[in-house]
Amino acid sequence: MNAKDIRKDFPILDQQVNGNDLIYFDTSATSQTPSPVIDAMTAYYEAYNSNVHRGVHTLGTKATDGYEQARMKVRSFINAKRFEEVVFTRGTTAAINLVARSFGDMVIEPGDEIVVTEMEHHANIVPWQELAKRTQAELKFIPMEADGTLTMENVEATIGEKTKIVAITHVSNVLGTINDIKAIAEVAHRNDAYIAVDGAQAVPHMSVDVQDLDVDFYAFSGHKMLGPTGIGVLYGRSELLDDMEPIEYGGDMIDFVDLRTSTWTDLPVKFEAGTPMIAEAIGLAAAIDYIEDIGPEAILEYEQELVNYALERMRSVEGIEIYGPESRAGLITFNLSDVHPHDLATALDSEGVAVRAGHHCAQPLMKWLGVSSTARASFYIYNTTEEIDSFIESLKRTKEFFSYEF
Ligand code: PMP
């Protein structure tokens, strides 16, 4: 993997921000888009923009082929058994809401337990809270260790015979914790529960095989994995998806429509009412090609190098507090004493460094950490150790500035 070569594919990175070379350390929020992805979407709009699954004309057929081939690509990328198990959604949030609404309402009964963790993104906690309210079920939380990891003892102790659904993130967007989904899925299934996984921060950065993990549902977003915004994926076991009701109704998802009643078409289109995200699916397919060309293993390895280098260097900054475990995905959430994270992010931005500041859509986790907000630097294939060095210098200057006594 050669990050310097890779950067040539990302025109956006070649710019100055506030008079400095841009250092983009906010991939956990949204990744940048390489030229082949932009080109694939441009080619669609320039040559075969058309609606799918409807017309018989040539452009419509090409668009349908592009859209359905994208589905095939996703299928093989995550090793789903069948293409019917790949539902295109607006993103991870929409995918989780679909599971909580449709599957949740189908299986949860009063008194059942839904198990989550305190490290969840709001997208993987609020839909379950609402499901619990609708069905008089109870939310339970797997306790975390002081470093933000889960132990299998606590997983075993929390998942029990009342558990119906375990909803858990694969990788925390704040702590970088990588959860052992395969082991947790085994505990869930042993207790006759289902497992739904938020894979938004995992799929872009490591190899994910839904059959090997043995999960029931798995959700992720295109825009965090070099693809466009506005598209994501819900993987679901076909036997579960088959039994589920759609949560949106309209064109494309029907089989027959009568004046007063209708029937639904087959998977996966049953869950894709209306005109889908055609250009976005084609862009996502190009993003998968890009990731596969480099190789998910090489990506993970490179990010591990970056994050370990950054951790070591950041620890040399006076007054820094770093959250999360030693062994982590490619992101670092932190605070600098005497500097509010928003001031910190603003000061870094004035030097061209883009980091995220705030609660990262994880307010319960902020409470658990005992802070109201943090800063976060997150890395991807286009980042370099030289950028980390510049970032450290910017951090030190910021600290000095805010510590200055007038
Ligand atoms: N889960 C996690 C762990 C995330 O990091 C994010 C995005 N920040 C989401 C869910 C939501 O993804 P989206 O906004 O693309 O629906």
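Two rings of Phe, Tyr or Trp form an aromatic pair if their centres lie within 6.5 Å. This is a predicted model, and a search of the whole structure finds 14 such pairs.

**Stop 1: a pair inside.** Select Tyr-67 and Phe-88. Their rings are 5.2 Å apart, centre to centre, with 50° between the planes, and the pair counts as tilted. Tyr-67 sits in helix H3 (residues 58-78), while Phe-88 sits in strand S4 (residues 86-89). The two are 21 residues apart, and the pair links distant parts of the chain. Both Tyr-67 and Phe-88 are buried.

**Stop 2: a pair of neighbours.** Now select Phe-401 and Phe-402. This pair is edge-to-face, with 5.4 Å between centres and 85° between planes. Is Phe-401 buried or exposed? Phe-401 counts as exposed because its relative accessibility is 58%, and the cut-off is over 50%. Phe-402 has 29%, so it counts as partly exposed.

**Stop 3: a cluster.** Select Phe-10, Tyr-290, Tyr-380 and Tyr-382. Together they form one aromatic cluster.

**Stop 4: the ligand.** Show the ligand and the residues around it, including Thr-92, Ala-123, Asn-173, Asp-198 and Lys-224. By class, this shell has eight polar, two nonpolar and two charged residues.

- His-121: a side-chain N or O atom is 3.2 Å from a ligand nitrogen.
- Gln-201: a side-chain N or O atom is 2.6 Å from a ligand oxygen.
- His-223: a side-chain N or O atom is 2.7 Å from a ligand oxygen.

How much of the ligand's accessible area does the protein cover? On its own, the ligand has 400 Å² of accessible area, and the protein covers 85% of that.

Conventions: Residues numbered from 1 in each chain as written. Predicted model: local features only at pLDDT ≥ 70, side-chain atom pairs only at ≥ 80, totals over all residues. Heavy atoms only, no water. Near = heavy atom within 4 Å. Polar contact = N/O pair within 3.5 Å; in protein donor to acceptor, adjacent residues only side chain to side chain. Areas by Shrake-Rupley, 256 points an atom, 1.4 Å probe, with all protein chains shown as cover. Nonpolar A, V, L, I, M, F, W, Y, C, P; charged D, E, K, R; others polar. Phe/Tyr/Trp six-rings, centres within 6.5 Å; stacked < 30°, edge-to-face > 60°. Helix = DSSP H or I, 4+ residues; strand = E, 2+ residues; numbered from the N terminus. Buried < 20%, exposed > 50% of the residue type's maximum accessible area, 1.4 Å probe, protein only.
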